[in-house]
Amino acid sequence: MALDYSQKVMDHFINPRNVGEIENADGIGEAGNPKCGDIMKIYLKVNPDTKVIDDVKFKTFGCASAIASSSMATELIKGRTIEDAWNLTNSAVAEALDGLPPIKMHCSVLAEEAIHEALNDYRAKNGMEIIPMEHHEE
Amino acid sequence: MFVYMDHTATTPTSPEVLKAMMPYFSENFGNPSSVYSFSRKSRAAIEKARSQVAAALNADPSEIFFTGSGTEADNWALKGTLEKAMKAGKNHLITTSIEHHAILHTAEYLKKFHGVDVTYLPVDSEGFVSVKDVENAITDKTALVSVMFANNEVGTIEPVAEIGALCREKKIPFHTDAVQAAAHLDIDVKAMNIDMLSMSAHKMYGPKGVGALYLKKGLRPENFVHGGAQEKGRRASTENIAGIVGFGEAMEILKSRLDEDKKINSERRDRLIAGLLEKIPHAKLNGATGDKRLPNNINFSFIGVEGETLLLDLDAKGISASTGSACSSESLDPSHVLLALGLKHEMAHGSLRFTIGRLTTDEQIDYVLDVLPEIVARRRAMSPLWEDFLKTVKN
Ligand SMILES: Cc1ncc(COP(=O)(O)O)c(C=O)c1O
Ligand code: FES
């Protein structure tokens, strides 16, 4: 298949931001892609007073689109509150990357879901209510 | 550096071939079917090409039929044979699970629209079909056995001569897709008891859009392309003269340097394989080793990384390769060939194929050995799957 990625996607793929793990993370989330078997893992450090995401790291096994989406998503939620971060949609991630090929939209869902998992992990650990997750394909 | 290591996808038309083709566009453009003397040159050119292709296979020129591609030759062999056999009550097709889609999707079509009963033979972990399995699958309804000569993804060379002998004994027509094999191996259709064989010019430094089906004398599958009386009434449509001329020329050149090419390709192949095994931890070679593997095929799985990312990283270094990863297929399914060899999804995901050829140099092999280990290590470092894998290895 021809790989027609935007320059932004290529930039985030070649030099992904926020790669790695956080020791003693406040929230950890993992999402798998039923479509092609890819995995994203996300680590959050949250300020206990302000509920702002101070640090975020990811590890992703997947295509260029999955890696670029992970990288972009971490940039978009860093410095935001956990409420704001919850509202980040995969289409916003794709838009920030100047679009993804239609067949690759599902890769950005991986990022949205991993963030939701990590946020719910944080909420559970801090006695907050779990937010029900909606699974969708694109 | 531009490093083209995808010769299995296609090859450049060689300059000698192009030169031979040139007079058949604007000068000798006559329609071979016309009566006037001007078109004789076109007819003669086609017949020369037919002899060149036939000679390379130890076939008779009258047994070579030009088609528009390897895919068309495959379609014709399967559909033409089954359609005819069904009139005589035979509706069973035996093929394998590692065929090219040109065969697999044709078999699926025959099943769906004609009620053909298809047996897909399994392969072992190196990609070999067992002759015993072929024998056991044969019933009194079997109309055709179609087993590829060599696999395009992992390069495994099938026991074609044994299957040919078996089918001859059982009096069942035997077809083989030799689209890849014909570009690298000596093929003798008589000695190997092959009844039908598909080929394609663009895999052997000829032009795209021209192929051929070898049909043993006496075999008459139904026509596939209906229309005019070209190719002795067996394959309609005005001949692609320049393409056919190029095919004949490419085949003759290929044959003249086959042993030399085989030697140099196998040496480079084995050096690349050995180097990658040494430099990349937990690298797995897919397919067979030695002379049961196409001399130009190198196929690896690197657990923990995804193939499309490797292709893009390699592309950034000027290297063109290919993968069987789900992420780089239109269907998001991993390679059916790698799955048939028993690879887990994540191993198929991390597959990478290099296919070398006339554009390859020793320096390019060194270059790949230089850059790939770093690329794999870097992508593995950001992969949660690799992290999990390392835990299982340590324990
Ligand atoms: C084994 C095999 N069969 C058939 C084909 C199709 O040939 P063509 O491109 O001439 O239609 C290919 C090409 O990729 C192939 O590798
Ligand atoms: S992660 Fe598989 S297609 Fe993107």
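Here are a few questions and answers about chain B in this predicted model.

Local features here need pLDDT of at least 70 and side-chain atom pairs count only at pLDDT 80 or more, while totals for chains, interfaces and linings use all residues. Residues are numbered from 1 along each chain as its sequence is written, and chains are lettered from A and ligands numbered from 1 in the order in which they are written.

Me: How far apart do the C-alpha centres of domain 1 and domain 2 of chain B lie?
Reply: Domain bounds come from an automatic or database assignment. In chain B, that gives domain 1 as 15-256 and domain 2 as 258-394. Their C-alpha centres lie apart by 30 Å.

Me: Are H9(B) and H13(B) roughly parallel or roughly antiparallel?
Reply: Helices are DSSP runs (H or I, at least four residues), numbered from the N terminus. H9 (258-279) and H13 (362-381) of chain B pack at about 20 degrees, axes 10 Å apart; axes are lines fitted to C-alpha atoms over the stretch in contact, and angles run from 0 to 180 degrees between N-to-C directions. Under 35 degrees counts as roughly parallel, over 145 as roughly antiparallel, 65 to 115 as roughly perpendicular and the rest as oblique. So H9(B) and H13(B) are roughly parallel.

Me: Which helix gives the most to the side of chain B that touches chain A?
Reply: Residues are in contact if their C-beta atoms, placed from the backbone, lie within 7 Å. Chain B puts in 20 residues and chain A 20. Elements of chain B giving two or more are H10 (307-316), H12 (345-349) and H14 (384-394). With four residues, the top giver is H10(B).

Conventions
Contact = placed C-beta atoms within 7 Å.
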